[in-house]
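Thanks for coming. I will go through one structure today, element by element, and keep it short.

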Amino acid sequence: MRRILWLAIIFTLLIYARPANSWIYASDKGKMTSDTACMEDDLEFTGQTEDVRKMGLLEDMSDVVYRYINRYSDNSSVKRSLFYRLVPFFLALMVLFVLSIVSIMIVVFTVKKLRYNRSRKRSRIWNNYRDILVEYLNHNNEHDVPGFPGLDHQLHKKILIRQLYELANAIYGKKQLKLQELYERKNLHPYLTRKIRTGWWPIKAVYLKYLSIRPFREGSVKDIARLTKSRNHQVRLYSQLAFISHHPDQAFAFLDGYDYTLSEWDQMNLYEAMIHNSIPIPDLYQYLHSDNVSVVIFALRLIRWYYVKAREPEELLYFIHHPNHQVRLEAYKTIVDLNIRGVEDIFRYHYLKESVAVKKVMIDYFERNKKLSKELYQEILELEGDKEMVFYLLQSLHNQSFNSQEELHAILEETDDPAIQAMCRHIIENAY
Amino acid sequence: MGNFFEGFTTVIDNFILFYSIAITGSYLILGVISGYNLNRYMRRNRATDYHKIINSPLAPEISVIAPCYNESGSIVANIRALLNLHYNNYDVIIVNDGSTDDSLQRAIEAYELEQVSFYINEKLSTEQVRAVYRSTNKAYHNLTMVDKENGGKSDALNAGLNVSDNSYVVCLDVDSIIEHDALLKLAQPFLDHHKKRLIAVGGVVHVANSCKIEKGRLIERRVPGKFFPRIQVIEYARAFLIGRISWSRMNGLLIISGAIGMFDREAVIGSGGYLTETVGEDMELVVRMRRYMYEKGVRHKVIYLPDPLLWTEVPDNRKILGRQRNRWMRGTMDTLFVHKKLFFNPKYGSLGMLGYPYWFFFEWLAPIVEIFGFLYFLTMAMLGAINWPLFFTILLFIYLFALAFSFFSILYDELTFHPYQSPRENMRLFLSAMAEPFLYHPLVVYWSIRGNISYLRGNRAWGSMKRAGFT
């Protein structure tokens, strides 16, 4: 598609680059003399001499338009107007618009045709390879790798790599090992690395993504460590995924001295790559000392998701004083999920200073440890003005235990506040 | 006298000329920026796998809020389509805005709904909520139906916002066809943005007239058979793929289409939710949210995705289309006047310095200048002061510009998401684009002028928007 666009641009440039007056000579020699004669009649208007022959298409058009304008009215005010003076500019743009319109129509129909042809060809190869792969995965011996017709061609290689990637994402075990065998025996690795080395960034990103799963793990990939700190976000992310897959023993080595921000999207992809490739959990606590806040957040999340206990609770408690709200929130969540004991008083101390999101996490902690009593509820209720928080508190109280459900019923009976009554009824009736 | 007349016409001529150059120049700039942005987006997304969001612990929790009013014929299928979206962490809130038909009853029967006690934290004031329904069937555990007194679309959306307790909300028209992966695509930018707080994301809306639809799902995409909807395909492509994508790049967006948009719920509620006294609630909300963010000193962003996320039925007759355009103009004026403080105000960044002035000069004023120019032309023609060859040269220039601009939007559509399969469909679009400046644009100008007059007369009504329904 890009080639077509380039062709259209080159075609347009060529049209403009043609020598002056060549339009008259090349396309309409017969009419040239009469046109030139007409022009010569108007020499007094154009103020030019016989040089008229050296004029280009735009000058010719301007001249014709000016001639008609002047023939219609010889009013000097028309000649003084800006519209009149801008006629050559309008004509130049009109030529450009006409060329654009024609080019767009050609491009749209050509692209459609090419896309149709290519998709037919692709689906034919895809179906053929799919049948071969099904046969190989279900019936053949691991080392009995089948032949794939036309695999010398780039398109065929691309399709096979894509199929291997999709299959490897969906299947595990022996069949995935078969895919790995196929990948090696069909010599796809050099093709893939060449694409990463020579392709522009969108291509690099796609092929780096392929490298992030097991069957593509074999073979070294030059420069992959360097690419994990690439300036291009896509290349950086997918090379990090590939790096995790290729260097499972030092999966997050690229986070040392990492200067970029790890967005939630990046974190999600990195975590998914770790899960998918069964990467051994690295020492996550070392990343808590990073100067990069996003790395600290990611480390806190991984500690929580992998349930990696802290050697000392202070290692995590330190972060509830962090100036960054997100770090504090993740620290609280991690403390709650790891169920670090004996932090109730610290939580109570910080409760009023924190955001709604953090407060909810604190209440989760009390609920989990069955520390939410009617008394604590009353205590928080006195401090809390936000109805959203009161509702959350009541929900947590209800979810804590069977006894606390009874307490919620008691609150419903005792309270005169219609809002709290409505909250209690909601919680009781909507409990699953 | 002669000198005065000449001086007067020169001033008017030059004003119209400079205005035309400014508007065509701005369109050209927008076209270039959107081309660049689309190209970059397409390249960036070659490797993106949206489905990873489904199983991620970081996937944001979303509430899909869909107001409904007298949708008896399609409510069941449309709710089913919403319940079948590809996303893990979401709930669906249907707000029955006092329908006078049996929409509510049909939904109750189809989804085994029963009335429950429901505490609503009324952060936004709305008309009274009569009842809240939830399903007894676990398969529909994420469906909530709110029945309330009629208060209009904005009021219904506010009620939905009160009921929701998720961090993000997707507000959409229940009678539209949503793409199954729309939530994944809308959620992804919220995960990927870290430099600025992302408060709203919109997606491209396509025209669904003549498309084949079954059980709330789009089966076959077709260019509409009727002229008006077909022209609107081009109009939407221009507005979304060129206009909004380029404004998204410049962070100057004033509007996220009311048909579909995902919002940071905290920012919506913080800024006061949807305004019920306006007919342009979608635009007004985005402007108010952004204003709120600027005034709080929060660096933020509003973006538009070029992905076609929703297919909607557009008016197919002149009367209803006229009403819709009239309403759009009133909504635009309302927003511009309510937030006049933004006008060239550097405190509001790109919104105040670029987005707002553009809408003021080229969205609101353009039809007024056009009609003024037309009346001026008629007067001059009657006085015999028109130089016809010059006039036709300029007319041809404007026509070719309009045509090239429409063709570019069709090209962008084709190079990005190519919604239509057959070349014949594209040919029909090209031919319609050729007819548009003569057969459609004058009507749009007329409706916009009527919108201006209605607004000045104090008309704030939505007007009836009867739809033919999908086949």
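In which helix of chain A does K113(A) lie? K113(A) is in helix 8 of chain A, residues 87-138.

Before more of that, the ground rules. This is a predicted model, in which local features need pLDDT of at least 70 and side-chain atom pairs count only at pLDDT 80 or more, while totals for chains, interfaces and linings use all residues. Residues are numbered from 1 along each chain as its sequence is written, chains are lettered from A and ligands numbered from 1 in the order in which they are written, and side-chain values use heavy atoms, with hydrogens and water left out.

Helices here are DSSP runs of H or I with at least four residues, strands are runs of E with at least two, and both are numbered from the N terminus. Buried means under 20% relative accessible area, exposed means over 50%, and partly exposed is in between, with a 1.4 Å probe and protein chains only. The areas come from the Shrake-Rupley method, again with a 1.4 Å probe, and for residues only the protein chains shown count as cover.

Back to K113(A). With 49% relative accessibility, K113(A) is classed as partly exposed. Together with R120(A), K121(A) and R124(A), K113(A) makes a patch of positive charge on the surface. Patch residues have over 30% relative accessible area and no salt bridge; like charges are joined within 9 Å, and nonpolar side chains (Val, Leu, Ile, Met, Phe, Trp, Tyr) within 5 Å. Lys and Arg count as positive, Asp and Glu as negative, and His and the chain ends are not counted. A charge is placed at NZ of Lys, CZ of Arg, CG of Asp or CD of Glu.

Chain B has a patch of the nonpolar kind. F15(B), I371(B), F372(B), F374(B), L375(B), L378(B) and M382(B) make up about 690 Å² of nonpolar surface. Helix 10 of chain B, residues 349-382, gives the most to that patch, with six residues. One residue of helix 10 of chain B is I371(B), which is partly exposed at 31%.

Now salt bridges. The rule is a side-chain nitrogen of Lys or Arg within 4 Å of a carboxyl oxygen of Asp or Glu. How many salt bridges does this rule give over all chains? The count is 38.

I will take a few. In chain A, R162(A) and E166(A) form one, with their closest N and O atoms 3.0 Å apart. These two are four residues apart in helix 9 of chain A, residues 154-170, so about one helical turn separates them. R162(A) is partly exposed at 28%, and E166(A) is partly exposed at 35%. R130(A) and D131(A) also meet in a salt bridge, at 3.8 Å from N to O. In chain B, R222(B) pairs with E220(B) in a salt bridge, the closest N and O atoms being 3.4 Å apart. There is also a network in chain A, where salt bridges link E264(A), R301(A), R304(A), E330(A), D337(A) and R368(A).

Next, the sheet in chain B. It is an open sheet of ten strands with mixed pairing, in the order 3-4-5-2-1-6-11-8-12-7. Strand 3 (113-116) and strand 7 (177-178) of chain B are at the edges with a single partner strand each, so one side of each has no neighbour in the sheet. Two strands count as paired if DSSP finds at least two bridges between them.

Strand 1 of chain B, residues 62-68, runs parallel to strand 2 of chain B, with seven bridges joining them. C68(B) has N96(B) as its bridge partner in strand 2 of chain B. Strand 4 (residues 129-135) and strand 5 (residues 143-148) of chain B are antiparallel, over five bridges. There, Y133(B) is opposite M145(B) of strand 5 of chain B.

Is strand 2 of chain B, residues 90-97, mostly covered or mostly open? Mostly covered: eight of its eight residues are buried. Y90(B), V92(B), I94(B) and N96(B) point one way, and D91(B), I93(B), V95(B) and D97(B) point the other way. In a regular strand, side chains alternate between the two faces of the sheet.

Last, backbone angles. Most residues other than glycine have a negative phi. Y307(A) is not a glycine, yet has a positive phi of about 55 degrees. Y307(A) sits in the loop between helix 16 (293-306) and helix 17 (314-317) of chain A. E112(B), also not a glycine, has a positive phi of about 50 degrees, and is in the loop between helix 3 (103-111) and strand 3 of chain B.
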